[in-house]
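Student: Hi, I have a new structure to look at. Can you walk me through its aromatic pairs and buried parts?

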Amino acid sequence: MTELGLPRPPSRDLCGTMLVHRRLLNESMTYRARRAVIENRALQYETGRRAPGRTEVVTIPVVVHVVHNRALPEQNIGEEQIHSQITVLNQDFRATNPDVVKVPDVWKPLVADAQVEFRLATRDPNGKPTSGITRTVTDEGDFSWDDAVKASATGGSDPWPSDQYLNLWVCQLRGGLLGYAQFPGGPPQTDGVVILHSAFGTTGTAAAPFNGGRTATHEIGHWLNLYHIWGDDDGACTSDDKVDDTPNQADANHGTPNFPRITCDNGPNGDMFVNYMDYTDDEAMFVFTRGQATRMNACLEGERASFVVAPTDRVPVTAAAPTSTAVPEMVRPSPNGEVERLLHDSERLTSEVLNDIRAAIGMVGAHPGG
């Protein structure tokens, strides 16, 4: 333990997203079917058979669930630390982060503005004003990637409806785990992102080398359907991240590599270790590519379309368990036909999502026992 009872920062960046993904694949035929539909849509966007309809920035409401042990008050991180993380996310997903200039010249044409921003929610699920932050005292010493932190029954905090909010849980994680996310297509009651409190934001308990807020950038990348850049094939060079403009690489990179780092015969430029979806230290990652932005667009106009068509104000809804069905929201009149455009987009995206869901149901019906 370090001063103030804080855990030592992990010596290695560790993400549990693929562990969750593989567990869900094994447990649920429905998840497997939905993932197949989501991947088919992503492929259509990547190959140009389907074009993004979104031309404007989408702002995603965020609720931060701070789950802290009663004996370690420093885990109850302050608002400044939370706001610092939101700032980092908005810079990273808009390619306005100051360190983007460090991207090697050969990859600078690939730097992408994902046109995604984040803000703390201003209305809770009942329509009441909120800071976008919840605080839960727990007797649990730490949590893992088993989703226990996502439910009050297991010492954590219940999520807000996952089609209306990005749920971020901040807590103490065990085993050197920095965070994990759930890919789109999973159960709504566990949808969201979990981050180690000392790898969250840029101040407070955030500890080097993971005090640049990039763990949340990485995990939200997963939440928007990005894979690890090396394809999680244990160095075999046989799998990749399903994005054309990110070079295939053998395995995760750590620390702060020097350019070029060549693996998988990917010379002369080598691994794109500056990518947010690698495992390098926070100070060494600074970019999403155009291909990754296209893949995120496919997700935002598919499985997560409720965030694209949703305006900023929420109507009161029953504070019950999250549902995968989008909740209608208030639309404020605006100039230049904005209401008409929103309604048109909502109808189009809803129709596409329903078609995808029907396809997923058909796949499940063809494979009994899921």
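Predicted model: local features only at pLDDT ≥ 70, side-chain atom pairs only at ≥ 80, totals over all residues.

Student: What do W223 and F307 form?

Tutor: An edge-to-face aromatic pair, 5.5 Å centre to centre with 70° between the planes. The rule: rings of Phe, Tyr and Trp (its six-membered ring) pair if their centres lie within 6.5 Å; planes under 30 degrees apart are stacked, over 60 edge-to-face, the rest tilted.

Student: Which parts does the pair tie together?

Tutor: W223 lies in helix 4 (residues 214-223) and F307 in helix 6 (residues 306-309), so the pair links parts 84 residues apart in sequence. Helices (H or I, at least four residues) and strands (E, at least two) are DSSP runs, numbered from the N terminus.

Student: How many residues of helix 4 are buried?

Tutor: 10 of its 10, so to speak of cover, helix 4 is mostly covered. Among them are R214, H218 and W223.

Student: What follows helix 4?

Tutor: N225, with a positive phi near 80°.

Student: New topic. How many aromatic pairs are there?

Tutor: The count is 8. In one, the ring centres of F93 and F118 are 5.1 Å apart and the planes are at 70°, so that pair is edge-to-face.

Student: Are F93 and F118 buried or exposed?

Tutor: Both are buried. F93 and F118 also form one aromatic cluster with Y276 and F288.

Definitions and conventions
Residues numbered from 1 in each chain as written. Heavy atoms only, no water. Buried < 20%, exposed > 50% of the residue type's maximum accessible area, 1.4 Å probe, protein only.
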